[in-house]
Amino acid sequence: MEVEVKLRLPSREAHDQVAKVLEGQSGPPFKIYMQENVFFDGTNNELSNQRAALRLRFFEDDGARKCVVTMKESSVIEGGIGRAKETEEDIDAQEGEKIRKDPNAIMNTSHNLLTTIRERYHCAGFHSLGGFENTRQVFKWHDHKLELDETRYYFGTTWEIEVETDQPEEIRDELKKLLDTNTIPHQHSKKSKFANFLAKKID
């Protein structure tokens, strides 16, 4: 089970304020990722009908092209805390690009997670839902990795803080205190990035 604190920022200005505060506390981000997120469903919506989401994420890490397959199931966000059953596995970036161009390549892959998804959900085939880009800055904060995101959809841009933790209420409250102390506006995230993408609007 993945558990994350998720706080929405209203503007690029607020996003930049957060970055400045974090840099003052613990230094610049130790990672910056330019992520491309592409989502897929079964031909007959076999995944979405079961509240499941399949994502391929492409990014550069230390000069190498990477791709990660992620399956999220039963995602819920409440009180600025997101919970979901999540499974991830790396995949060769070239194979990932092949799937991006031809989603039905999932039907023939031997990749462990994709094979499991294909068989568990009895998919007749796959199609792409499209996706969005995200710039992620990763900071060290209170023995956690704090992720500061700028997400670009074709219909708008959002800014968000995410922290994965097994103490979500405590970390959420500490994070809100940090933002309040520095007069940075924020609110609890109401929907996941994927949910905003599907709805074609920012909520």
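**Close-up views of the predicted protein model**

**View 1. Strands S1 and S5 pair side by side.** Strand S1 (residues 2-9) and strand S5 (residues 81-90) run antiparallel and are joined by 4 bridges, where strands are DSSP runs of E with at least two residues, helices are runs of H or I with at least four residues, and both are numbered from the N terminus. Two strands are said to pair if DSSP finds at least two bridges between them. Within this pairing, Glu4 has Gly82 of S5 as its bridge partner. The model is predicted, so that local features need pLDDT of at least 70 and side-chain atom pairs count only at pLDDT 80 or more, whereas totals for chains, interfaces and linings use all residues. Residues are numbered from 1 along each chain as its sequence is written, and side-chain values use heavy atoms, with hydrogens and water left out.

**View 2. Strands S4 and S5 form a hairpin.** Strand S4 (residues 64-78) pairs with S5 in the antiparallel sense over 9 bridges, and 2 residues lie between the two strands. Gly79, in the turn, has a positive phi of about 60°. Ile77 stands opposite Gly82 in S5, and Gly82 is also the bridge partner of Glu4.

**View 3. Glu86 in strand S5.** Glu86 counts as partly exposed because its relative accessibility is 24%, given that buried means under 20% relative accessible area, exposed over 50%, and partly exposed in between (1.4 Å probe, protein chains only). Leaving aside neighbours within four places in sequence, Glu86 is in contact (heavy atoms within 4.5 Å) with Glu2, Thr70, Met71 and Lys72. The C-alpha atoms of Glu86 and Leu7, which are 79 residues apart along the chain, are separated by 20 Å.

**View 4. The whole protein, as the setting for the close-ups.** The protein has 5 helices and 9 strands, and from the N terminus on its elements run β-α-β-β-β-β-α-α-β-β-β-α-β-α. Its C-alpha atoms fill a box of roughly 55 × 35 × 30 Å, taken along the principal axes. Of the 203 residues, 50% are buried, and residues 24 or more positions apart account for 62% of the contacts with a separation of 6 or more. The protein exposes about 10400 Å², of which carbon and sulfur atoms supply 46%, the accessible areas coming from the Shrake-Rupley method with a 1.4 Å probe and, for residues, with only the protein chains shown counting as cover.
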